[in-house]
Amino acid sequence: MTFKTIIEPFRIHSVEPMKMTTPQHRGKAIREAGYNLFSLHSDDVLIDLLTDSGTGAMSRDQWAGVQRGDESYAGSPSYYRFLESVQELFPFKHVIPTHQGRAAEKILFTAIAKPGKTIPNNTHFDTTRANVEATGAEAVDLPCKEGRDPSALDPFKGNMDVAALDALLSDRAGQVPVVFVTITNNSGGGQPVSLANLKEVREVCTRHGVALFLDACRFAENAWFIREREPGQHGRTVRDIVREIGSLADGMTMSAKKDGLANIGGWLAMNDDDLAGRCRNLLILTEGFPTYGGLAGRDLEAIAQGLREVVQHDYLRYRIRSTAYLGDALTRLGIPIVRPTGGHAVYIDARALLPHIPPLRYPGQALAVALYEAGGVRGCEIGTVMFGLHPDGTEHPAALDLVRLAIPRRTYTQSHIDYVIEVCAEVKRRSGQLPGYRIVEQAPTLRHFTARFEPLTA
Ligand SMILES: Cc1ncc(COP(=O)(O)O)c(C=O)c1O
């Protein structure tokens, strides 16, 4: 007999208190934060769905690894345990630890990109785009057409538009040092990429003689979706699917703060000896010696163990189902979300929910602020605030205005999520009265982290 309730495949071993707040307290806190949720004190947040990055709970065995961490400057056994765990899943020749994903991006793009170069991706994550653009190169997004439609019920909306990639590589021959595929496609709604699509991208890259790299932050969630949704894949283990994904690429960047199940860390991996040498030299300048790369030995141990746990099927079944639980409930409430629900987050379509707020008045920001004010739930705008400001200083609406409710791994229980659902229902009831916003202060790049806003009164 199998039961339909999918339970958390763990017991709680240590707990963290949460501070209960009132609407008055939250109103004052968000005003003082310039209506930017990144500027809040996290003590003033009840359920923190800002990101799934580095916010997960570590396991008993990861904490045991922390105790075993060896802090030798060079050649630590913790590095070799980390290396073995990474190569067990991604057998790249060179594995270079970094303190997080964007450090790997910065090093790689410094080594291969410059003005006149183009980097295509299914959809660049914000730090990836910023690191490409910081070199003077152009970051081009090539999502498949289903990925642009928030309501299309396609199983692999994270896919890359292979025909568009082929055309771009022909048009810009010699100008593209690498093609990136982001698994799962975070900025495109946390949607997975199919194995079939990855194979097609590989074929196009090989034909044009261009390297293929993965932005692999959520590789295990992506592999679970492949196992569940792609014909012919169900009988395979996730570990096996991950190894096949890795074998299709020439290298990867990784933030271990996601599917490394760790609170910090990342790596850059590749097969090319010459490129690895140049990257290691850059690593030494900013991150540290190549066997620790900006991490403590104890962090390397936490990642090594996290990689063993993240591919376990009971964990992934619970993980993907608990995200879908929130998505299904919001859909039943008539709240428009990107469908089907992605792996790590539910993305509310703020532009559709708040049609009275034009994109340049930031409907995503308006919704994110309202969720905080109503119930202390912190989400993240992924829309015109994040992507609307261009390197030439002009501002345009982003393709979508979303609010991402990212679910930290192994952290919140079902009753926390039931509370989030109630808060969303309340904000939907008041949605017609929510104001738009204007920006009163902003940085020239990655403005969403520090901008200050003001509500626009009618
Ligand atoms: C798809 C993707 N790429 C890269 C990064 C950057 O990783 P990090 O935050 O560790 O620098 C993130 C982080 O959220 C991400 O989601």
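Modeller: With three residues, α2 gives the most to the lining of the largest pocket. The model is predicted: local features need pLDDT of at least 70, side-chain atom pairs count only at pLDDT 80 or more, and totals for chains, interfaces and linings use all residues. Residues are numbered from 1 along each chain as its sequence is written, and side-chain values use heavy atoms, with hydrogens and water left out.

Colleague: What makes a set of points a pocket, and what makes it a cavity?

Modeller: Both are found on a 1 Å grid over the protein atoms alone. A pocket is an open set with protein on both sides within 12 Å along at least five of seven lines, whereas a cavity is a set of points where a 1.4 Å probe fits but cannot get out. A residue is counted in the lining because it has an atom within 4 Å of a point. Rolling a probe the size of a water molecule over the atoms shows where empty space is left.

Colleague: How much space lies in the largest pocket, and which residues are the closest to its centre?

Modeller: The largest pocket holds about 1,500 Å³, where a volume is the space filled by probe spheres set on grid points joined across faces, edges and corners. It has 40 lining residues, and S14, E16, A57, R410 and T411 are the closest to its centre. Two or more lining residues come from each of α2 (60–68) and α12 (313–332). Such names stand for DSSP runs, numbered from the N terminus: helices are H or I with at least four residues, and strands are E with at least two.

Colleague: How do the residues of that lining divide by class?

Modeller: There are 15 nonpolar, 13 polar and 12 charged residues. Ala, Val, Leu, Ile, Met, Phe, Trp, Tyr, Cys and Pro count as nonpolar, Asp, Glu, Lys and Arg as charged, and the others, Gly among them, as polar.

Colleague: How many cavities of 30 Å³ or more does the structure hold?

Modeller: There are two. The largest cavity has about 80 Å³ of space, and its lining includes N36, Q365, C380 and H448.

Colleague: How do you know whether C279 is in a disulfide or in none?

Modeller: A disulfide is a pair of cysteine sulfur atoms within 2.5 Å, and by this rule the count is zero. For C279, the nearest cysteine sulfur is that of C217, 17 Å away, and C279 is in no disulfide. The sulfur of C424 is 15 Å from the closest one, in C380, and is therefore too far for a bond.

Colleague: Is C279 buried or exposed, and what about C424?

Modeller: Buried means under 20% relative accessible area, exposed over 50%, and partly exposed in between, with a 1.4 Å probe and protein chains only. C279 has 1%, so it is buried. C424 has 4%, so it also counts as buried.

Colleague: What makes a set of residues a nonpolar core?

Modeller: The members are buried Ala, Val, Leu, Ile, Met, Phe, Trp, Tyr and Cys residues, joined through side-chain atoms within 4.5 Å. The largest such core has 59 residues, of which V179, V181, V201, F219, I245, M252 and W267 touch the most other members. Helix α8 (219–229) gives the most to this core, with six residues. Apart from it lies another core, of 47 residues, including L46 and L405. In soluble globular proteins, nonpolar side chains tend to be buried together.

Colleague: What can be said of Y362 and L446 by accessibility?

Modeller: Y362 has 4%, and so it is buried. L446 has 29%, and so it counts as partly exposed. Phi is positive in both, near 60 degrees for Y362 and near 45 degrees for L446.
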